[in-house]
Amino acid sequence: MNPTVDIPADAPHSANTPHRDAMDSDAPDITPSTGKMDLQTEAPPAEQAVDPSLQRTEGKLEDETATAATDRPVLIEVNETSPGSARVGLFSRRLLLRVAVAGILVGALIAATWLGLLHPGTPEEPAPAGAEQVESSAPAAVSSENAPVPMPVEPPEWIGRMRELERRRSQLLAKAEEVRTLQRLYRYGILELEEDAVRLIKRHALENFSQALQHRQMEFALQSIRSRQAFIAGLEKPLRWLISGSEELLYLQRWLKIDLGVLAVAEGIDMEAHAARLEATLAAYLPTADKLAMATEAAPSALEVLFKHLADQARQTTLPATESVDAAIAEEVCAGEMTRYSEVSVLRLKAARCLAESAATELFLNRVKELPAIVAQKLSEWPGDWLCLNGLKRISPEAARHMFAWQGRWISLNGLIELPADASTHLPAWGGQQIELMGLKKVEAVEHLVRWEEAGGKLFLPEEIRRQVDAEHRALRQPVASEKGKRG
Amino acid sequence: MRISAERIRRTAAWALSLMVWCGVAAPVQASDRPKVEALQRGLSHMAEARRVLSEQVASAAALSQRLHAQRSELQVEIARERRVQGVGSFPQALRVERIGYNLRLVQRIDGYLERIERRIGYFRTLDHALEFNMRGAQDELLALNTLEDRDIAELTSRIQSVLDEVARETTKPLFNASDPPSRTLELVWNELPRTP
């Protein structure tokens, strides 16, 4: 809406009066509430600035003045009897009146301006009580300079402390991981020993503990198992301590982070208490030898109990025909002799460990028919390139989990005839490049294969499975293509 | 000619009365000018106070958002630990260090969030008060321009009072972190969703 239309040019308190201009020139906030003020703040374009009605009036005045100036003399003797001369006299009187009124108005304006300028701004004049109060409200008191800005800025003295916390926590976590690795090694070592012990029990038909003790190899195996069990148990104490320490340090770190984040805007945060707590915790969780010492309280298992457990295992185990060859190959591999390793049929734990520790870049274990999860886990530690297990017909989900956690590039599983969903579910996360599954006849979850291939993996599949995988690929792409078509 | 002289006399009389009016009116308006200026200053201060309040609310909201994000991370971690460790009850939860510590942190953050929200609400109320007083001042300014005199003492006193409150409150800490938490750990645990 054009404000000029709404405002009569001759309104008594029109906004375009000079006095009003002076009063409101520094109060732009008021303008939105009155249409009058809009006239000043929102100056219309030059050609629209003047009210059309005013333009019309002024035009009329100009015309009349022009007519008077040209057609009629300003001073003319009025003849009372002549209507024409009376008209002229009336007009000249009007003109006189206009001049007089204009002069008076100008005079009045000058007087008002002079008086207005003289009086109000003088410092001698006391301001109204209310005005004083408003003046006394210091703007600085609500200045944004004083407003706290809650940015999570760590005070410099805390940066070092936080780093120290982080360093100590990393130290504890690294140590805890070392302890866990140690425990894993001991556990694997126990399993290896148990495997050997079961073989001994079977081979020598050991019926009872006294018979077992007559075989020093058996006795040593039992003692080693007991010793390793003690190590595992003893490591629990430092491991618990390390985990507790890392958790408490993490809690402190997080607590500090939260409090430092609100420190600028909150009161009641006792940073000294934080500092004291931090120092105390850092001192308490210094990983010294005494803190990491293994616990020795646990009573060691009796050798007889261990033997009974192994004898039970032996009763349920059938030694394969290739057992002696496999055992011999395992010994060779562990001695660094790799010429016969690919002839192994049953991958014993000891052989798996030695293969995983070998420097070979390719392992061809195509005679292996079964892959227990523990063996798969050990093989997954092998830092090689290409692992061939083409003799496997099935793979357990747990073994698949370990296999697809291997850091190598290429796996050949061409003997696999089926791939259950709970096994293939681990495939999409595998970081390898190529997998051969040329023997597959059935895949429960094609989408797992597709996802891995979509991520850049290369799959070698029999024709039928390839068709299923390609169809799944197309089905996945179709909605995208149709969506693009719609957009196009 | 007589009529003309009469007209001139009338005009002169009218002009004289206009001059007299100007002579009287100008000092009257001049005496209101400090009130106008006081109200304008008040308006200016209130506008500034509202700006400061708005900044404070924005900062508090940003802080609240950050704390909410931290809380969410802790909550996700609790849910994960709960699933992995098979935790069902509250006593079991306390036995898992990560859950126990995270619950304490969530409890602390919840306390901070409650106080920040309360503070934001208070700032909004202050802002409403300022808005109300600005409206009053603007109305009064309009009236002052029309009427000869107005008593603005009550209004200016009210404005001053709100400005003082804003000045005082915006320089105070946003909240007190040492206030005890309003909810127990068990309540925090019970209210957490079981899935992240």
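Axes are lines fitted to C-alpha atoms, for helices over the stretch in contact, and angles run from 0 to 180 degrees between N-to-C directions. The views below show a predicted model.

**View 1. Helix 7 crosses helix 13 in chain A.** The two axes come within 8 Å and cross at roughly 135 degrees. Helix 7 and helix 13 of chain A are therefore oblique to each other. Helix 7 contributes A:Y188, A:L191, A:E192 and A:E195 to the contact. Helix 13 contributes A:L349, A:K350 and A:R353. By class, this contact of helix 7 with helix 13 has 3 nonpolar and 4 charged residues, and no polar ones.

**View 2. Helix 13 of chain A is largely enclosed by the rest of the structure.** The buried residues are A:L349, A:K350, A:A351, A:A352, A:R353, A:C354 and A:L355. They pack against helix 7 (156-204), helix 12 (323-334), strand 2 (362-364) and helix 14 (373-379) of chain A.

**View 3. Five strands of chain A form an open sheet.** The strand order is 2-3-4-6-8, with parallel pairing. Strand 2 and strand 8 (458-460) stand at the edges, each with a single partner strand, so one side of each has no neighbour in the sheet. Neighbouring strands are turned by 5 degrees against each other on average, direction ignored.

**View 4. Strand 2 pairs with strand 3 in chain A.** Strand 3 covers residues 386-388. The two strands run parallel and are joined by 3 bridges. A:E362 has A:W386 of strand 3 as its bridge partner. Strand 2 also takes part in the packing of the buried residues of helix 13.

How values were computed
Residues numbered from 1 in each chain as written. Chains lettered and ligands numbered in written order. Predicted model: local features only at pLDDT ≥ 70, side-chain atom pairs only at ≥ 80, totals over all residues. Buried ≥ 20, exposed ≤ 12 C-beta atoms within 10 Å, placed from the backbone. Helix = DSSP H or I, 4+ residues; strand = E, 2+ residues; numbered from the N terminus. Contact = placed C-beta atoms within 7 Å. Pairing = 2+ DSSP bridges. Parallel < 35°, antiparallel > 145°, perpendicular 65-115°, else oblique. Nonpolar A, V, L, I, M, F, W, Y, C, P; charged D, E, K, R; others polar.
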